[in-house]
Amino acid sequence: MHLAWVSSAEAQHFVDVANKVTESIKSQGPLKADELQMQLSAAEMTVNEEAVRWLVGKEITITSKGDVYGRKWDVNRYEAFLDSALEKVYHKNLICLAIKADFTSVREISKKTGLILQRVSYLLADLEKTNMVEFMGMQDSKPVFAVI
Amino acid sequence: MADYEPKIVAFLCNWCAYAGADLAGVSRLQYPSNLRTIRVMCSGRIDPSFIIKAFQEGCDGVLVSG
C-alpha cells in the first residue's frame, strides 16, 4: 500500500510515483486474496467498528485541543494507544471468524489464527464478558466456544 | 515473478494527482498501465474499508494519491 502527494502541476512526479509503486508491487508478487480471506474480513470488520472509528476521528481534537477533561494527549502516546486498541479488535475479530469457521477450542483457534494460546484465552475471556462469544461446555475435555 | 502484471487500484484526488495524471497523459509521458484509476473529490474521502475492499476484490496493490 502506498500513499503519495502529487500536485496537479507535477506530471513527472506522478509518473515517477506510478513507476515506483508498480515496481514495488511487482517485486512483492501477487496478493493471494483467497488465502487471506479471513484476515481481510477481520480487518474490514475492524476498520468499520464503531469504537475504532471514534478513536480515529477524535485523534486531532484530543492531541491538539485536549479531551473532555482538558488533558492534551501526546501524539505518540495516542497513536500507541490506538495501535494496541486496533490490534485487540482485529485479534478478537479473527477469533470470532475462526470460531464461525468451526475452530472452536482454544488450541484450534490458536492454530487457525496464528495467535499464541495465552492471547487467545485472554481475548476469549474478554469476548465472553461482552457477550460476543459463549462457552459451550467441554468436548473431549477441551472447552469449546460459539459466537453469539 | 518479474514478468507478471499486477493490478493496482489508484485512488486519485480530483484536484491533485488526478490532474497530475491527466497532465502526464497530455504531455505524453509514459507510465505503467497497471493502475486502475478511481477519481475521488478529495483523498480525505478514502475510507480504510475501501482499501480492504479493493484487496478482497483481488487487486495486488493500492495507491492513494492526493
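In the predicted model, 30 residues of chain A are in contact with 33 residues of chain B, two residues being in contact if their C-beta atoms, placed from the backbone, lie within 7 Å. Local features of this predicted model need pLDDT of at least 70 and side-chain atom pairs count only at pLDDT 80 or more, whereas totals for chains, interfaces and linings use all residues. Residues are numbered from 1 along each chain as its sequence is written, while chains are lettered from A and ligands numbered from 1 in the order in which they are written.

On the side of chain A that touches chain B, β1 (2-4), α1 and α2 (37-47) each supply at least two residues; helices (H or I, at least four residues) and strands (E, at least two) are DSSP runs, numbered from the N terminus. The largest share of that side, 12 residues, comes from α1(A). By class, this side of chain A has 18 nonpolar, nine polar and three charged residues, where Ala, Val, Leu, Ile, Met, Phe, Trp, Tyr, Cys and Pro count as nonpolar, Asp, Glu, Lys and Arg as charged, and the others, Gly among them, as polar.

Axes are lines fitted to C-alpha atoms, for helices over the stretch in contact, and angles run from 0 to 180 degrees between N-to-C directions. The contact of α1(A) with α1(B) has seven nonpolar, two polar and no charged residues.

The chains are also joined through strands. Three bridges link β1(A) to β3(B) (residues 61-65), and these strands run parallel; A:His2 has B:Leu63 as its bridge partner in β3(B). Four strands form an open sheet with parallel pairing, in the order β1(A)-β3(B)-β1(B)-β2(B), strands being paired if DSSP finds at least two bridges between them. The edge strands are β1 of chain A and β2 (35-40) of chain B, each of which pairs on one side only. From one strand to the next, the twist averages 20°.

Chain B comprises two helices and three strands, arranged from the N terminus as β-α-β-α-β. Helix α1(B) lies across β1 (8-13), β2 and β3 of chain B and runs at about 110° to β1(B).

In chain A, helix α3 (residues 50-64) has a kink of about 50°, centred on A:Lys58; the bend at a residue is the angle between axes fitted to the seven residues ending there and the seven starting there. A:Gly66, whose phi is positive, near 110°, follows α3(A).
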